[in-house]
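Please read it beside the structure shown here.

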Amino acid sequence: MISNEIHSIAFDADDTLWVNEPYFQETERLFCELLQDYLPPDMISKELFKTEMENLNLYGYGIKGFMLCMIETLSRVSGGRASLTLVDKVMELGKALLQKPVELLDGVKEVLDSLKGNFRLIVATKGDLLDQERKLKKSGLLDCFHHIEIMSDKGASDYRKLLKHLDCKPEHFLMIGNSVKSDIIPVLEIGGFAAHVPYHTTWAHEEVKSGVGHPRFIQLTTISEIKQLL
Ligand SMILES: [Mg+2]
């Protein structure tokens, strides 16, 4: 039981509260299909990932940056010869991604309802500001949260800034999320607690091969299990 120590609990949003990565993967599949005259799908995927990594520092995370990366990849693999009609189709794929339904993951609503009276609940997520605000509104979860933090990155210094803003000591903070790289390792590094809820698929950039062994680390199978530990 760690409830005596924890005052504030932050939740990652994408693939922790609601479905996200499968939507991106579906869009990527359609993008590869659009470009099949130039390269086979697995090669297009590799090129797209390369473009995303090259631009991450400029664009940050989120759908709008992803759209620009799709267009840049289209331009590169077509040798600059792709038609504007194809560019329009890529834009449509991105706009469709911005209008996907918000599908809550199993147990999320119940967990938030049961915790919100006893803890200060926070959303700590990356992504486009407007898109994450849209998803939060559509999710019906806004009332559960004391604070929403849409972060440009999730490194140790970003979490330190968040905790300063919340006036919360790391030893009183628990982060729950699906990404070991973004939600777990930096929070343990600054002295907080971190609980990992695995999701069935992870973006290649967020993948971490090694396991986490740490006294303040909690491995969960489902998000609902956190209720028993608090
Ligand atoms: Mg996530």
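What area is buried between domain 1 and domain 2, and what percentage of it do carbon and sulfur atoms give?

1. In this predicted model, about 1400 Å² is buried between domain 1 and domain 2, and carbon and sulfur atoms give 55% of that area. To the contact, domain 1 brings 18 residues and domain 2 brings 14 residues. On the domain 1 side, Asp128, Trp203 and His205 account for 40% of the area buried against domain 2, more than any other three residues. The count of salt bridges between the two domains is 0.

2. The domain assignment places residues 8-19 + 102-229 in domain 1 and residues 21-98 in domain 2. Their C-alpha centres are 28 Å apart.

3. The largest nonpolar core has 50 residues, and the members touching the most others are Ile9, Phe11, Leu17, Phe145 and Leu174. Helix H3 (residues 63-77) supplies the largest share, 7 residues. This core lies between domain 1 and domain 2, because both give residues to it.

4. Beyond its neighbours within four places in sequence, Phe145 is in contact with Phe11, Leu17, Leu112, Leu121, Ile122, Val123 and Leu136. A separate second core of 19 residues has Ala124, Ile190, Ala194 and Phe217 among its members.

5. The magnesium ion is coordinated at 2.1 to 2.2 Å by Asp12 (OD), Asp14 (O) and Asn178 (OD1). The sequence spacing of these donor residues is D-x1-D-x163-N. Asp12 is buried, at 6% relative accessible area, and Asp14 also counts as buried, at 16%.

Notes
Residues numbered from 1 in each chain as written. Predicted model: local features only at pLDDT ≥ 70, side-chain atom pairs only at ≥ 80, totals over all residues. Heavy atoms only, no water. Donors = N, O, S within 2.8 Å, 3.2 Å for Na, K, Ca; no water. Buried < 20%, exposed > 50% of the residue type's maximum accessible area, 1.4 Å probe, protein only. Core = buried A, V, L, I, M, F, W, Y, C linked by side-chain atoms within 4.5 Å. Helix = DSSP H or I, 4+ residues; strand = E, 2+ residues; numbered from the N terminus. Domains from an automatic or database assignment. Contact = heavy atoms within 4.5 Å. Buried area = accessible area lost by both parts, 1.4 Å probe. Salt bridge = Lys/Arg side-chain N within 4 Å of Asp/Glu carboxyl O.
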